[in-house]
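Biologist: Hi! Could you walk me through this protein?

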Amino acid sequence: MPDFKYIVVGAGMMGAAAARHLSAQTDGVALIGPDEPADRKTHTGVFSSHYDEARITRGFDGDPVWAELAQRSIRRYTEIEAKSGIRFFTEAGCLFTGNGKGLAGDYVSRALSSAGRLGLGVETIGSDRLVGRFAMFSLPADHNGYFEARNAGHVNPRALVKAQCTVAAAQGARLVRETAAHIRDTSKGVEVSTREGAVHTAEKVIVAAGGFTNMADLLPSPVDMAAAGRTIAFFELDDARQALFGTMPSTIVLAETEDDIVYILPPVHYPDGKVYLKIGGESEKGRLETLAEAIDWFHSDGTPGEVEFLKKRALSLMPELAGCPVTSGSCVASITRSGYPYIGYTQSSNIAVLTGGNFVSAKSSDEIGRLGAVLLLDGQLTENDFAAEMSPVFI
């Protein structure tokens, strides 16, 4: 007899959410995944991109599926915080700004359509009023704004994962701090062998290993997904600048081409005791194909050229940042062929996959995890749960 009914492999944002939703409806749930490494620079195992303090959350989105996934998740933030006793959501609001040309214009028109359908409170702010409304920015004169004040801002991904795991454990899920190395379907159940030498068995397994999904022997066939490196820059703020930027919302500055888009997080306290304003972009390093390549990337501080681009963009948009100490970091985006998460069964009817954040999933991770739980419990997703959009592609 297997050790568990269901094993979720990967204790990141999607996996932890799946374990919470599963354990709310059944017993026999295990969540297998390592904790955050004590020393990122010397760690030789897998990583997760949730090792950070802030991710933008908002319902305003140019894609109707992602807009719906976000809304379903955001509605549950209060419940998760209450059940776990862990606060992770800051309602700072979210500002989109751009000149309406090219890619930016297309995105905004689609996002406004979704906002109307979902009943989001999005205020359109003309260029003549934008400067006075958000004085911390020095935006181009032709930029308009689209501001979502309620149920938007940022989440602390570390705290959100901790909250999900806390609730899952309280509901009876077993948290196993090991790293899955091999998964195979046998006549006695699905075996999950870990780097630590243990073997855990379950009736069904769902793999939520993010960018590392294809970097171990976890699935019968790899998913068609690219793990791509992204660079982020941090501006350390002194007391005066903390006051100056203290009321800023989470912000996305749209552009005519994807590589020029940047996102900005307002001042956030980090574990080192300092307060940072973070900026990142859409430009990416080449594909990370192997575990060794991914580890090297996570050990790095990003791409120097991208750091310089982000610094230049930040100073053009926020001149008061001049003179701030700047550091940088690396994370990984998991980009699927469909542009949506992969949630479905593999060639084995007992091994499913739950992956593909596409660099926008932190805010929506609770709903994505719920869909993973639905897949295991019901055997399939329905049209209301985006069955077609979430269908995995294998190579």
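This is a predicted model: local features need pLDDT of at least 70, side-chain atom pairs count only at pLDDT 80 or more; totals for chains, interfaces and linings use all residues.

Biologist: Great. Which residues gather in a patch of negative charge on the surface?

Modeller: That patch brings together Asp142, Glu256, Glu258, Asp259 and Asp260.

Biologist: Where is aspartate 142 found?

Modeller: Aspartate 142 lies in a loop, between helix 5 (127-133) and strand 7 (144-148). Its relative accessible area is 38%, so aspartate 142 counts as partly exposed.

Biologist: New topic: how many disulfides does the structure hold?

Modeller: The count is 0. Take cysteine 94, which is in no disulfide: the nearest cysteine sulfur belongs to cysteine 331 and is 17 Å away. A disulfide needs the two sulfur atoms within 2.5 Å.

Biologist: Remind me, what is a disulfide?

Modeller: It's a covalent bond joining the sulfur atoms of two cysteines.

Biologist: Thanks! And is cysteine 94 buried or exposed?

Modeller: Cysteine 94 is buried, because its relative accessible area is 1%.

Biologist: What about cysteine 165, buried or exposed?

Modeller: Cysteine 165 has 11% relative accessibility, so it is buried too. The cut-off for buried is under 20%.

Biologist: Now the glycine. Where is glycine 372 found?

Modeller: Glycine 372 sits in helix 10, which covers residues 365-378. With a relative accessible area of 0%, glycine 372 is buried.

Biologist: How many residues apart in sequence are glycine 372 and phenylalanine 4?

Modeller: They are 368 residues apart in sequence, and 17 Å apart in space, going from C-alpha to C-alpha.

Definitions and conventions
Residues are numbered from 1 along each chain as its sequence is written. Side-chain values use heavy atoms; hydrogens and water are left out. Patches are made of residues with over 30% relative accessible area and no salt bridge: like charges are joined within 9 Å, nonpolar side chains (Val, Leu, Ile, Met, Phe, Trp, Tyr) within 5 Å. Accessible areas come from the Shrake-Rupley method with a 1.4 Å probe; for residues, only the protein chains shown count as cover. A salt bridge is a side-chain nitrogen of Lys or Arg within 4 Å of a carboxyl oxygen of Asp or Glu. Lys and Arg count as positive and Asp and Glu as negative; His and the chain ends are not counted. The place of a charge is taken as NZ of Lys, CZ of Arg, CG of Asp or CD of Glu. Helices (H or I, at least four residues) and strands (E, at least two) are DSSP runs, numbered from the N terminus. Buried means under 20% relative accessible area, exposed over 50%, partly exposed in between (1.4 Å probe, protein chains only).
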